[in-house]
Amino acid sequence: MRDNSSATTLIRPVVPSRRPTGLWWGLLGVAAFSFTVPLTKAAIAGLSPLFIGSGRAVVAAVLAAFALALTRQRLPRGVQWVRLAVVAAGVVVGFPLLTSFALTTTPASHGAVVIALLPAATATAAVLRGRERPRLAFWLITGAGALAAIGFASLQSGGFGQLHWADVLLLGAVVAAAVGYAEGGLLARELGSWQTVSWALVLASPLMVVLTTVSVVQQPPSATPMQWLAFAYLGVVSMFLGFFAWYRGLAIGPMAQVSQIQLVQPVLTICWAGLLLGETLTWTTVVGGLAVILCAGAAVRVRLKPAPEQPAVPPTRTLQPAKD
């Protein structure tokens, strides 16, 4: 075969790009999610927690169904439905409902503790599910960032004190979201980022419609225009558009690193709680915020441990007898 033969194929090196595209998408998703806790707290003043937790999923499911139908997306296949059920259980059902009920008795700044724990939980879920192998330095920085975020949020909210039922709900919300984030990030590589959250919303919609109906019967909604606006944000952005960016970032990955962008979220959440809800902000906001952001920046710069390289096996040539 001649060197310039058309049968010669150029094989591109399988060296992953170092462009921080996944991190920027993740940051956009975190910015969208940072309003979730304060606006949930605002909406609870006029709407029941069951209506908020389930109703916002119904709003997002309607948008998701339209988007899937208009773009004629193919149906997921086989085990993908099971994996979508995991995503739906975590981020469509578990996290919204648990945080909505928890925020009935705790301030938004205390709820930011949930966000402070999510990066470490998501990184752990990503490692277990995605078989990623971060370096020891990554885990040390992740632990330091989680401690800084927890301490920051706890100082703002006055600390945990005794373990209340609201704290148990918040802890359950962390686990639910972490599992949903990790599984959704992997599934987004197969179905696409917005397609993953859309199918999860559609899959969970029958249950959420039933829960919304029950909540309306038990306590008919009666809210101010601002409370309805907060609810609309939760349905359109927190449950739908925000996941476009977040799952896109996780899909590009590495998930264990992109998840650490969430360390910035409690800083933003508590700032929004002060601006929108009038909750007290102190000098610790600046100090704690800088500590959290520095830890997040350090964590995302730690590269994942590369997999051991397999020795290259030179191709063998088989000499064919010349044809007449």
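Reply: Gladly! Let's start with a term: a helix here is a DSSP run of H or I with at least four residues, and a strand is a run of E with at least two. Keep in mind that this is a predicted model.

Me: What does the secondary structure of the protein come to?

Reply: Counted that way, the protein has twelve helices and zero strands. From the N terminus on, the elements run α-α-α-α-α-α-α-α-α-α-α-α.

Me: Why is threonine 212 called buried?

Reply: Buried means under 20% relative accessible area. Threonine 212 has 13% relative accessibility, so it counts as buried. This residue is found in helix α8, which covers residues 193–218.

Me: Which residues does threonine 212 touch, leaving aside those up to four places away in sequence?

Reply: Its partners are Phe51, Ser54, Gly55 and Val58. A contact needs heavy atoms within 4.5 Å.

Me: What makes a set of residues a nonpolar core?

Reply: The members must be buried residues of kinds such as Ala, Val, Leu and Phe, joined through side-chain atoms within 4.5 Å. The largest nonpolar core here has 45 residues, and among those touching the most other members are Val92, Leu118 and Trp246. Helix α7 gives the most to this core, with nine residues. Apart from it lies another core of 13 residues, including Val37 and Leu103.

Me: And how much of the protein is buried?

Reply: Buried residues make up 49% of the 324 residues.

How values were computed: Residues are numbered from 1 along each chain as its sequence is written. This is a predicted model: local features need pLDDT of at least 70, side-chain atom pairs count only at pLDDT 80 or more; totals for chains, interfaces and linings use all residues. Side-chain values use heavy atoms; hydrogens and water are left out. Buried means under 20% relative accessible area, exposed over 50%, partly exposed in between (1.4 Å probe, protein chains only).
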